[in-house]
Amino acid sequence: MDSLLIKGGVPLHGEVTISGAKNAVLPLMAATLLTAEPCVIRRVPDLSDVQFMAQILSSLGAKVTVKDDTVTVRAAKIKPFGDYDLIRKMRGSICILGPLLGRLRHARVSLPGGCVIGTRPIDLHLKGMEALGAKLTIENGYVDAATKRLVGSDIFLGGRAGPTVLGTANVMMAAVLAEGVTTIESAACEPEVVDLAFFLTEMGARISGAGSPTITITGVKELHGAEHSVIPDRIEAATFAIAAAVTNGDVTIHGARPDHMSAVLDKLKDSGVHIDRKGLTLHVRRNGSLKPVDVTTQPYAGFPTDVQAQMMVLMTVTPGLSIISERIFESRFMHVSELARLGAEISIEGPSAIVKGGRPLSGAPVMASDLRASAALVLAGLAAKGETQVNRIYHLDRGYERIDQKLRGLGARIQRVQEK
Ligand code: EPZ
């Protein structure tokens, strides 16, 4: 298992370009199952999750070719069930459920287990499929959804923590080939959901209201092939913005969508980070000390849970008290104990972490537990005096394309160590 060795204390300087969004590309790849015609997706990031999804589509019978950052999928003849283990391993693969049910009126997919950040049930996904007329059976680790007719319906998709992103995507992808009109209430408004609706519309679907809590889908008989470029990864862009701030650096971020990052940029500004936005470019720099800010994670357009850990690192190097509250996932503080190894002072009170910032961090060996926690440990290593070793970085490779190379391009002293 690879690890990263980081010699911290170097202010980052220079320019970096953002890759396509992991959380947009997974549902886009699943959507290609809705037509027998070829689909071309561009700006696809080179990530292990993308490779997983390509293998899953192949296990369903689709022909998948990956050339540089372009993925071509031809799902001419597919079957309603794929490789159990592959699907079980990657939660994001649950979003093949809707397209399979939509296209074949039958889907049999392995249940995605929970993960370290929470139990992550799929009850809302299943509620949506049932509302469209599917009969569900859950046995032997599989959910089997089948129906003779898929009929449009009004579906409220709000849950314990508000809307569901992949649940909205799944129901939308089933409803595009249903008879009649479907209205999704309390739909997720994330940019990744909007990007998917754009792609489905390019394939011939009839969708309105994507990006708002009410999405209306008028079913059509069939969809055709289409080409689409993935939106930039707002979480990767936020991670690099915080990397600049946490190292007292000066970084220009190209190919981002600042309009998708308002909540994060607003909090960074509140803490005293200088942010200049020009089109798709963000110039992030910090001179001097910062102010502590409180953060509460919320559904989009609120502060994203996928940036909570990285923001916590910034607050550990900011003198004063700040409160970081996690309202989306019930156990997304796995990074706290590892940050404590670097000298951070953080205590957890229920859904909130109280950060006593300002004590300089010092390098140590730490263990990544999940994707965003591993990004936070890398940022902490960049800020810490001495050497930090971040282990189990396979978590990082799931969601960040060549992050160590990109950071080296900004002057970071970071290298990947392959375990013998
Ligand atoms: C997507 O996960 C992202 N993953 C997550 O990013 C992200 O954290 C999350 O949305 C929230 O923004 C992908 O897009 C692949 P949810 P998703 O359904 O869709 C509860 C990362 O780091 N819920 O919006 O699975 C759920 O438990 C990953 O890139 C139900 O109760 O998240 C959670 O508390 C991590 N029942 C909340 O809703 C359901 O049926 C939001 O989850 C579905 C969800």
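Predicted model: local features only at pLDDT ≥ 70, side-chain atom pairs only at ≥ 80, totals over all residues.

Analyst: **The ligand site**

The ligand is surrounded by 22 residues. The closest are Asp 123, Arg 160, Thr 164, Asp 306 and Ile 328.

Residues are numbered from 1 along each chain as its sequence is written, and side-chain values use heavy atoms, with hydrogens and water left out.

Now the polar contacts (pairs of N or O atoms within 3.5 Å). Arg 160 has a side-chain N or O atom 2.6 Å from an oxygen atom of the ligand. For Asp 306, a polar side-chain atom also lies 2.6 Å from a ligand oxygen. In the side chain of Lys 22, an N or O atom is 3.0 Å from an oxygen atom of the ligand.

On its own, the ligand has 830 Å² of accessible area, and the protein covers 91% of this. Areas come from the Shrake-Rupley method with a 1.4 Å probe.

Helices are DSSP runs of H or I with at least four residues, strands are E runs of at least two, and both are numbered from the N terminus. The most comes from α5, with three residues. By class, the shell has eleven nonpolar, four polar and seven charged residues. Ala, Val, Leu, Ile, Met, Phe, Trp, Tyr, Cys and Pro count as nonpolar; Asp, Glu, Lys and Arg as charged; the others, Gly among them, as polar.

Next, the backbone. Most residues other than glycine have a negative phi, and most peptide bonds are trans. Arg 120, not a glycine, has a positive phi of about 50°. Arg 120 sits in the loop between β6 (106-110) and α5. Tyr 300 and Ala 301 are joined by a cis peptide bond, with omega about 20°. Ala 301 belongs to the loop between β17 (295-296) and α10.

Last, helix contacts. Ile 235 and Thr 239 are among the α8 residues that meet α10, where Gln 310 and Met 311 are among the partners. Contact means heavy atoms within 4.5 Å.

Note on methods: Near = heavy atom within 4 Å. Polar contact = N/O pair within 3.5 Å; in protein donor to acceptor, adjacent residues only side chain to side chain.
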